[in-house]
Amino acid sequence: CPSCADAALADDLRDHAVNVVFQDDVVPRLGVARARRLLFFLEHFEQAWRPMYEADKGSAATRVQNVWSPNYRDQVHDVIADAGYQIAGGEEATAQRIRAGKEKLAWIQSSLRFPPVPPEVAAMAQEAANDKSLEPLHCPLYIPGRIVHITALPNGAYEAFFVGRSHDALDNLQIYTNMVSDHQSAAYRGGLERVLAARRAPAQPPQWESFLATAYCRCCASNFTWNSTFHSASQESVSRKNCRLCGRLVCSTCSSHKVVLSHFGHPLPERICDFCYYDPELLLPRALQS
């Protein structure tokens, strides 16, 4: 059922309707009050992500200046130096890359320049945020009936919970890359299938290691952004991955393989780390499965 403007009607439908909200679907969360809270969040968030943006811009410029030279894990440099070798052809090759990269440096600096917010747009946003007269004019929307929220657990399994309309998971608008795609029918069907598979699974998946547990990849002991052009805090958060088989915190390069883990309730291929992928005890079952 679509959202309605009458809270009493939404409550009366509890015995007649069940609404499912999949993960970060933005449509059931739409509302003027929530949009205004999001506006304040984005205003303060800009102060946090601007330094990270500038750091990533400098990293991109340096990478292009070096003609996109390959990245190496942290300890590889020490191994190569101890063996008496130089990376990528030595100083002359490095100088050639720098000379060629200077031609593209101006392009990087101009194309990655932070776009300024037009003064009239900033003024309108501030006026709307401060105008208390707008509050009684907006029409709040209520999700009717009982509400089931499908979400991922800390171990990667999907589960469905009955929640109230005022639950924090539904009462806030947040920016996610999947906030629109989660509204598609295929996403809802996939979410329901994942919940069913998790409930029928013979084993529980391991608990994922916290993002704050380590500063280095559990597989290669390197910084999580070693193979990335960007190295800001935001990029490091994106590059941290959890193995679905053991729960270790690893970098994206050390978790590029995917396998089906049906015994954990994962019907689709899931990311696993190199430790698990090349484990001799797992090679034969995976070969028989394929």
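1. Two strands count as paired if DSSP finds at least two bridges between them. With that in hand, here are my points on this predicted model.

2. The sheet. Three strands form an open sheet in the order β1-β2-β3, and the pairing is mixed. Its edge strands are β1 (18-22) and β3 (158-163), each pairing on one side only. On average, neighbouring strands here are turned by 25 degrees against each other, direction ignored.

3. The β2-β3 pairing. Strand β2 covers residues 146-152. It pairs with β3 in the antiparallel sense, over 6 bridges. I147 has V163 of β3 as its bridge partner. As background, strands of a sheet pair through backbone hydrogen bonds.

4. The helix over the sheet. Helix α6 lies across β1, β2 and β3. It runs at about 105 degrees to β3. The helix spans residues 185-200, and L192 sits in it.

5. A surface patch. V18, V20, F162 and L192 make a nonpolar surface patch of about 350 Å². How accessible is L192? Its relative accessibility is 47%, so L192 counts as partly exposed; that class lies between 20% and 50%.

6. A buried glycine. G265 lies in the loop between β6 (257-261) and β7 (266-272). Is G265 buried or exposed? It is buried, because its relative accessible area is 5%, and the cut-off for buried is under 20%.

7. What surrounds G265. Neighbours within four places in sequence aside, G265 is in contact with R194, A197, A198 and A201. G265 and L196 are 69 residues apart in sequence, yet their C-alpha atoms are 8.1 Å apart in space.

Notes. Residues numbered from 1 in each chain as written. Predicted model: local features only at pLDDT ≥ 70, side-chain atom pairs only at ≥ 80, totals over all residues. Heavy atoms only, no water. Helix = DSSP H or I, 4+ residues; strand = E, 2+ residues; numbered from the N terminus. Buried < 20%, exposed > 50% of the residue type's maximum accessible area, 1.4 Å probe, protein only. Contact = heavy atoms within 4.5 Å. Patch = residues over 30% accessible without salt bridge, like charges linked within 9 Å, V, L, I, M, F, W, Y side chains within 5 Å. Areas by Shrake-Rupley, 256 points an atom, 1.4 Å probe, with all protein chains shown as cover. Salt bridge = Lys/Arg side-chain N within 4 Å of Asp/Glu carboxyl O. Axes fitted to C-alpha atoms, helices over the stretch in contact; angles between N-to-C directions.
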